[in-house]
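Please keep the sequence and the structure open as you read.

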Amino acid sequence: MAKVLILGEIRQGELRNVSFEAIAAAKQIADGDEVVGLLLGEKAVSLAKQMIYYGADRVLVSEHSDLKSYTSDAYTQVIMQVIEAEKPEGVVFGHTSMGKDLSPRITAKLKSGLVSDAVSLEVNGEEVVFTRPIYSGKAFEKKVIKDGLIFATIRPNNIPSLEKDESRTGDVASVNVDIKDLRTIIKDVVRKTTSGVDLSEAKIIVSGGRGVKSAEGFKVLQELADALGGAVGSSRGACDAGYSDYSLQIGQTGKVVTPDLYIACGISGAIQHIAGMSNSKVIVAINKDPEANIFSIADYGIVGDLFEVVPLLAEEFKSV
Ligand code: FAD
């Protein structure tokens with residue numbers, strides 16, 4: 001039994017799903033002990049109840065003006081203060097940009113180990129066993145934590161969140177924070193307009209490669225993504241060619257995604273691309289070259305011209 005602290009993440013006024021997945025992971029580690037949520041930034045107070053509905057026993061919040069936009073500096077200070085006050089035996093963050101930035105800073109200060117990018121966990125008596133990908137997703141290793149602080153980040157879309165239960169109750173309390181000597185102050189945040197579905201949390205991704213041939217060609221993929229309620233992704237080949245934005249790049253040097261369905265269109269299946277999507281639950285490949293490597297990891301393959309196949313799929317899904 002261990003008291004576990006989890007960090008919730010707010011993006012554009014909403015809680016990211018990975019916050020609920022972190023609660024589910026924390027519940028397993030806590031094994032009946034308390035799961036404490038921490039929510040920082042704008043709207044933290046109004047969103048805190050959601051964390052209780054998904055399994056947190058208590059939530060600590062702060063809407064301090066220095067936490068309005070994320071900075072490593074301010075968030076690290078506050079989380080350290082909360083850890084010192086709460087003394088959790090476990091801490092779980094999402095393996096997101098924020099979690100990846102914060103977790104090594106905090107574990108270094110705590111002189112603790114860190115299991116990063118866990119995709120599953122199990123508790124065997126006093127031990128917690130995490131599974132995490134290595135060698136760009138080609139293999140998995142198990143990390144066994146036997147004692148000391150259990151600190152982990154979990155990959156989005158892998159550990160299922162618990163059912164939402166609006167009858168659950170729990171305390172929501174403000175934390176007193178002492179933020180000083182900030183080296184970074186965010187004056188303004190200018191967001192790019194996106195399709196609205198966050199790539200790293202999307203359940204369905206329609207991804208395009210150099211075979212899409214132009215930025216205009218990506219509109220065909222967007223139509224299929226819209227029909228499926230998914231997001232559009234891209235290979236680096238397509239980004240380098242100027243057909244899509246680097247923020248959509250999936251792979252070793254881009255985002256790592258694990259959607260329920262990944263549709264690769266005009267992507268050859270280079271090892272660096274596969275590193276970012278091979279753990280998708282179902283992979284569909286559309287490529288006019290029957291020898292393309294992407295077919296070696298696909299569950300379903302369509303050999304054909306994407307400009308014929310993708311519009312047909314979009315039409316079909318629009319009608320259901
Ligand atoms: P290509 O390899 O050119 O493939 C295009 C495919 O489209 C072909 O298979 C072709 O048959 C098919 N095609 C063409 N026309 C059609 C059509 N009309 N209909 C259907 N199919 C069609 N790549 C990534 O994606 N992500 C990364 O993070 C990444 N990181 C890298 C890091 C390093 C250090 C290096 C060296 C490379 C990295 N790469 C990465 C690049 C990677 O090696 C490949 O060059 C890249 O993935 C190729 O992109 P592609 O599949 O879109 O293009």
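## Cysteines

The sulfur of Cys239 is 14 Å from the closest cysteine sulfur, which belongs to Cys265, and that is too far for a bond. A disulfide here is a pair of cysteine sulfur atoms within 2.5 Å, and the structure holds zero of them. Cys239 counts as buried at 3% relative accessibility, and Cys265 is buried too, with a relative accessible area of 0%. (Buried means under 20% relative accessible area, exposed means over 50%, and partly exposed lies in between, with a 1.4 Å probe and protein chains only.)

A word on the source: this is a predicted model, in which local features need pLDDT of at least 70 and side-chain atom pairs count only at pLDDT 80 or more, while totals for chains, interfaces and linings use all residues. Residues are numbered from 1 along each chain as its sequence is written, and side-chain values use heavy atoms, leaving out hydrogens and water.

## Overall shape

The secondary structure comes to eight helices and 17 strands; these are DSSP runs numbered from the N terminus, with helices (H or I) of at least four residues and strands (E) of at least two. For 320 residues, a compact globule would have a radius of gyration near 20 Å, and the 21 Å of this protein agrees with that. The radius is taken over C-alpha atoms, and the globule rule is 2.2 Å times the number of residues to the power 0.38. Along the principal axes, the C-alpha trace spans about 60 × 45 × 40 Å.

Of the 320 residues, 48% count as buried. Among contacts (heavy atoms within 4.5 Å) with a separation of 6 or more, 63% join residues 24 or more positions apart.

## Nonpolar cores

In soluble globular proteins, nonpolar side chains tend to be buried together. A nonpolar core is a set of buried Ala, Val, Leu, Ile, Met, Phe, Trp, Tyr and Cys residues joined through side-chain atoms within 4.5 Å. The largest one has 34 residues, of which Ile6, Leu39, Val92 and Phe130 touch the most other members. Elements giving two or more residues to this core include strand 1 (4-7), strand 4 (35-40), strand 7 (115-118) and strand 9 (127-134). Its largest share, eight residues, comes from helix 1. Another core, of 23 residues, lies apart from it and has Leu38, Leu40, Ile79 and Phe151 among its members.

Which residues does Phe130 touch? Leaving aside residues up to four places away in sequence, its partners include Ile29, Val115, Leu121, Ile145 and Ile150, and also Glu141 and Lys142.

## Aromatic pairs

Rings of Phe, Tyr and Trp (its six-membered ring) pair if their centres lie within 6.5 Å; planes under 30 degrees apart count as stacked, over 60 as edge-to-face and the rest as tilted.

| Pair | Centre distance | Plane angle | Type |
|---|---|---|---|
| Phe20 and Tyr54 | 3.9 Å | 20 degrees | stacked |
| Tyr70 and Tyr75 | 4.8 Å | 65 degrees | edge-to-face |

Phe20 is buried at 7% relative accessible area, and Tyr54 counts as buried at 16%. In the other tabulated pair, Tyr70 is partly exposed at 25%, whereas Tyr75 counts as buried at 4%.
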